[in-house]
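Please open the structure in the viewer and keep the sequence at hand.

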Amino acid sequence: MSELLTSPLNAEHEKLGATFTAFGPWNMPLKYDNELEEHRAVRNAAGIFDLSHMGEIWVKGRMPASSCPIPSSPTWSPLKVGKAKYSMIAAEDGGIIDDLISYRFEDEKFLVVPNAGNAEIVWEELNKRAEGFDVELENESRDVAMIAVQGPKAAEILVPLVEDNKQEDVHELGYYAATMAKVARTFAIVARTGYTGEDGFEIIVYNADAPALWEELLKAGEEYDLRPCGLAARDSLRWKLACHCMATSSPAISPQSRQAWHVPLQEGKLTSSVLTSMRKRAEEGPQVAITGLTSDQRRAARAGAEVYVGDTKVGTVTSGQPSPTLGHPVAIALLDTSAELSDGDAVEVDIRGKRYPFTVTAMPFYKRER
């Protein structure tokens with residue numbers, strides 16, 4: 001087994017007493033003390049996360065909608081400069097390779113952020129699909145770090161550290177928008193994005209600048225009860241959003257499996273083979289739907305648990321756990337569309353050989369008050 005990759009912030013995590021875990025090819029902090037307290041800190045004040053394992057790929061060049069070489073849905077053409085879009089990269093068979101966030105910084109300059117485990121796969125796919133187009137690709141995934149400050153106090157912590165008369169720009173930055181700014185003497189990309197369900201920012205800097213910025217943010221956040229948070233808290237926070245976080249990325253799942261997901265299938269938007277596959281799937285209709293489940297029981301459903309209506313298996317749980325915020329178990333499942341289940345319908349989930357009652361529930365599970 002190859003040695004795990006480490007974040008440029010690894011020494012900072014060790015100083016804080018982090019417990020580490022393997023996350024794909026990376027060794028990342030799981031928690032620093034109590035993941036439940038970390039979760040609550042983000043809901044009530046703020047938390048700081050190391051997301052340096054995420055991918056960062058620049059796409060530069062002509063990206064006309066009529067010949068977009070990268071099958072991403074929704075396509076990039078409607079994306080305004082300075083804005084971001086949650087989307088996906090489709091496989092040749094019309095399924096999903098990965099969900100990702102794309103930022104548009106100039107008319108012909110995009111930043112694509114894939115998930116950590118799929119960064120190299122997305123890089124290879126983009127290179128294949130950019131052939132023959134006036135497009136330059138640059139993979140900075142190993143060269144830059146990403147730090148997230150998330151929670152209702154995030155702006156109060158970050159904005160005073162912004163320099164060069166950019167404080168108002170960052171303070172007024174809209175949700176899913178990004179800008180270039182100098183933060184604590186460090187040139188950075190500042191994006192108002194994140195998976196926690198709270199207000200917050202994701203800051204991208206070069207590796208060498210990351211430790212100093214991390215320490216500056218921790219210092220600035222002391223009076224606001226800012227708390228370092230690991231992957232355990234991030235997972236419990238982020239996927240209760242559900243509609244903002246793909247439960248699973250797989251060629252078996254089509255974009256049409258997402259509820260209320262718009263997939264443009266016009267000529268010229270995607271490569272012909274992908275377009276044909278996606279049209280076929282659209283005509284056939286989705287076979288599974290990504291669906292939320294909740295329970296008033298204490299037992300949480302975990303990945304792989306089977307979902308039943310009576311004696312009929314109707315799906316499989318992809319992820320689940322108790323919700324510290326909501327106070328009861330929540331889960332995401334792939335349910336057969338043939339079962340025709342709707343919000344409020346009762347199902348049972350097999351947890352270690354015993355069936356427990358769950359209810360089909362609309363997602364996201366949690367919405368913060370704005």
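Across the whole structure, a search finds 14 salt bridges, a salt bridge being a side-chain nitrogen of Lys or Arg within 4 Å of a carboxyl oxygen of Asp or Glu. This is a predicted model, in which local features need pLDDT of at least 70 and side-chain atom pairs count only at pLDDT 80 or more, while totals for chains, interfaces and linings use all residues. Residues are numbered from 1 along each chain as its sequence is written, and side-chain values use heavy atoms, with hydrogens and water left out.

**First selection: Arg227 and Asp33.** The two side chains meet in a salt bridge, at 3.9 Å from N to O. The partners are 194 residues apart and link distant parts of the chain: Arg227 belongs to strand S15 (residues 227-228), and Asp33 to the loop between strand S3 (26-31) and helix H2 (35-44). Helices (H or I, at least four residues) and strands (E, at least two) are DSSP runs, numbered from the N terminus. Arg227 is partly exposed, at 25% relative accessibility, whereas Asp33 is exposed, at 55%. Buried means under 20% relative accessible area, exposed over 50%, and partly exposed in between (1.4 Å probe, protein chains only).

**Next selection: Asp169 and Lys166.** Here the closest N and O atoms of the salt bridge are 3.6 Å apart. Asp169 is partly exposed, with a relative accessible area of 40%.

**Next selection: Arg185 and Glu216.** In this salt bridge the closest N and O atoms are 2.4 Å apart. Arg185 is exposed, at 57% relative accessibility; Glu216 is partly exposed, at 22%. Then select Glu12, Lys15 and Glu215, which salt bridges with shared partners join into one network.

The axes of H2 and helix H7 (residues 231-238) come within 8 Å and cross at roughly 50°. The helices are therefore oblique to each other, the class left for angles that are not under 35 degrees (roughly parallel), over 145 (roughly antiparallel) or 65 to 115 (roughly perpendicular). Axes are lines fitted to C-alpha atoms, for helices over the stretch in contact, with angles from 0 to 180 degrees between N-to-C directions. Contact, meaning heavy atoms within 4.5 Å, brings Glu35, Glu38, His39, Val42 and Arg43 in H2 to Ala232, Ala233, Ser236 and Leu237 in H7.
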